[in-house]
Amino acid sequence: MSLLPKTVNPDLQKERDNASIKAEEFAVWWHGGKDRLKIKRDLELHILDDLDEDIYRFPNLSHEEIYNAAIKDFIKLAKKIQELKVERNYDGTDIWPSSVLWGAMPAGNPLAVHCGMVIECIRIQGTDEQFEKFGKACQSFSMTSAYAQTELGHGTFIRGLETRADFDHHTDEFVLNTPTISSYKWWPGGMGQSANHCIVPANLYIDNVCKGLAMFVVPIRDMETHAPLPGVDVGDIGKRMGFAGVNNGYLGLKNVRIPRTNMLMRHSQVHRDGTFVQSPVSVLTYFTMVYIRCLIVRNVATQLSMAATIATRYSAVRRQSPINPNEPEVQIIDHLTQQKKLFPEMANSIAYKLAFTKLYQLYETTSQDIKHGEFSRLPEMHSLSCILKVLCTSTTMAGVDILRLACGGHGYLSSSNIGNIYLDVGASCTYEGENTVLLLQVGRFLMKSYRSALAGKKLAPTVAYLQNAVKEKSLCHWTGSWEDLLKILQIATAHKTHITYENLMARLKAGQTEAEAANNTGIELTQAAELHGICFVAATFLEEVTGPHSKPRSPALNKVLGNLLELFMISTVLKYMHEVLRVHKLSEAEIRSLQTRLEDSLKAVRPDAVVICDGFDHHDRNLFSTLGSYDGNVYERIFEEAKRCPLNKQPVPEVIHTHLKPFMKSNL
Ligand SMILES: CC(C)(COP(=O)(O)OP(=O)(O)OC[C@H]1O[C@@H](n2cnc3c(N)ncnc32)[C@H](O)[C@@H]1OP(=O)(O)O)[C@@H](O)C(=O)NCCC(=O)NCCSC(=O)CCCC(=O)O
Ligand SMILES: Cc1cc2nc3c(=O)[nH]c(=O)nc-3n(C[C@H](O)[C@H](O)[C@H](O)COP(=O)(O)OP(=O)(O)OC[C@H]3O[C@@H](n4cnc5c(N)ncnc54)[C@H](O)[C@@H]3O)c2cc1C
């Protein structure tokens, strides 16, 4: 018998009744318009509303059982998406992975990489004919695949990959080998048991001469029996911290032969006679990673908004400690320090989502450029996708943990689902480019840009602010406006870039090689990169609130967004105050006024906090949380979950009879 009341928790209802805007208005804005919101909701209705309850059981299953459940859930989901015949997500990206994935596949998706990465990889790296053959087969699921780049010995340093593909002139084939233990492919999602093909990046050899990295479509399992093909050693790498159902795998290849035409040949080619045609730009092989880094930004913004929704709804329902000793206990959301845990993360998720939208526009433009043989935007695109991937994943990981702490003891329950979100986000700090390594890439781009700025050359749009900041050095007049707050961050970034550049140059002058000097300047390079990312996110948020709006908004919604922007800007400037003070000597009174503004902005967000989270519009199945459901019946859900725990199935578990009781008796 369910303990769940049919009504909404009265404290939560009160929040909804007293807010200054309706959740629906926020939801329409957040999803980019009524039509897009409808697409998302229709998809959720179609997919999530009639899922079996068994998806709720995964925390109590073994690794193998979770995998079996994940495969079955995936098939249910894939069939439903096929029925709908939709190809694009509401935000314009490919339908996979979409907003329904969190709910439909709570333990992860063994074919996420197939859907999200491989198809796009074949589109980007393959010819039109190859997309027709392999890409379409992936889309229809007649072929399942993994993206097998990382090896046991190398993930970051792609040039160090050991897998090789030798061209055989006689048979018109490539022969693939992973000659050492360290060259075994390791980690690819879905490769363990789910994929029957892999995209294998490997060093291409013609007549034993290395031509650099190329990508190959390699069948690894029999199309009929799914058994590993001769020369293929494949399996699951074992339990991960999270990613329980993702089936990350290992792969060894011994003299595995594939037709020459299985090399993805949009940018570089090997002809029948063994002639090699080099790609016009070697880093085009890395462009699939750029795409996935963009999507990661979108995903973590969503995950942060999920965790914020869970913790905020819980904070409206949970009552603990009176503020005035003689009054009743308050909703914990009324403690100012609790607001400091919740609301900045809400603002961050909004800021990151806006940054994603802008990033994705640049990605689409760059992809079109590439199709037309124009590559000049690549360095900026690479740098921007790296910095946003890093900034958003690392701060989201920290933010999700803050939100877990905001839920006290119950946040630590597996059924809060915050732990699961944390593990997912934590993985994204590592995959698709380890965060520190990507920061160093951005640092390198900043150094180049700074050199150009000093030479008076035109800079790429997203670093153009460095040009003015190089000259300005400080703010003439501080008013504390949002524009000033952004400006001061930009000047601080330019200053950091400037001193990093000076230190790099000093090391070079002292005789260090470029590589040594870059390594020894690494800490400052990463700090400058982080600040650069902050500037982009802050500028995008400011533009959304104060710039010309693409869609009309009510004054009430504008006020709410203004409150969130204020909170974001003030929190950010306070966080980086040590860098700001190096370029502008804010007085004690000015800093105190920022602290007051922080407190005021928390109070301003407070009345709308629940409806903002409602406006994120997360389906209960996506939140998958005893603490965060729409009706706020938290204690009943926690109780039901405890009752479902397998340990409680019998009053005395077997192990008590066989071990604990005899041990206790022996000590009588
Ligand atoms: C770290 C680097 C960037 C270093 O590469 P490198 O060849 O040593 O390069 P370098 O000498 O530092 O730079 C050479 C040059 O290449 C540029 N570059 C590097 N990457 C890109 C890019 N993507 N687009 C455009 N340009 C790129 C760099 O900026 C350099 O340019 P420059 O010489 O300065 O003009 C690279 O190797 C890399 O990206 N490593 C990370 C590996 C990675 O991301 N693996 C992902 C595996 S798949 C995965 O994890 C899927 C998970 C999905 C899931 O489960 O959902
Ligand atoms: C959940 C998950 C899913 C994954 N899925 C896939 C997949 O589908 N396909 C695939 O091919 N791969 C996949 N990977 C692998 C992933 O892409 C790599 O683990 C990632 O790129 C990091 O590389 P690494 O493991 O070699 O780390 P390392 O590079 O060994 O990092 C270890 C440490 O060394 C530091 N370091 C390394 N190089 C430098 C440097 N140049 N300068 C400064 N510091 C450095 C790093 O900062 C880090 O602190 C997955 C990984 C995970 C965790």
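Predicted model: local features only at pLDDT ≥ 70, side-chain atom pairs only at ≥ 80, totals over all residues.
**Entry 1, domains.** I began with the domain assignment of the protein chain. I read off domain 1 (32–109), domain 2 (114–279) and domain 3 (287–614). Next I checked how domain 1 sits against domain 3. Their centres, taken over C-alpha atoms, are 29 Å apart. For the contact I noted 6 residues from domain 1 and 6 residues from domain 3. On the domain 1 side, I sorted the touching residues into 2 nonpolar, 3 polar and 1 charged.

I then looked up the surroundings of ligand 1. I found 26 residues around it, with Val-283, Tyr-286, His-382, Tyr-431 and Gly-433 closest. By type, I logged 15 nonpolar, 8 polar and 3 charged residues in this shell. I also asked which helices take part. Helix H6 (112–125), helix H8 (287–317), helix H10 (378–406) and H13 each give at least two residues. By domain, I saw at least three shell residues from domain 2 and at least three from domain 3.

**Entry 3, ligand 2.** I repeated the search for ligand 2. Its shell holds 22 residues, and Gln-149, Thr-150, Gly-155, Thr-156 and Thr-436 come nearest. I counted 10 nonpolar, 10 polar and 2 charged residues there. Helix H13 (residues 435–454) makes the largest contribution, 3 residues.

Notes. Residues numbered from 1 in each chain as written. Chains lettered and ligands numbered in written order. Near = placed C-beta within 6 Å. Helix = DSSP H or I, 4+ residues; strand = E, 2+ residues; numbered from the N terminus. Nonpolar A, V, L, I, M, F, W, Y, C, P; charged D, E, K, R; others polar. Domains from an automatic or database assignment. Contact = placed C-beta atoms within 7 Å.
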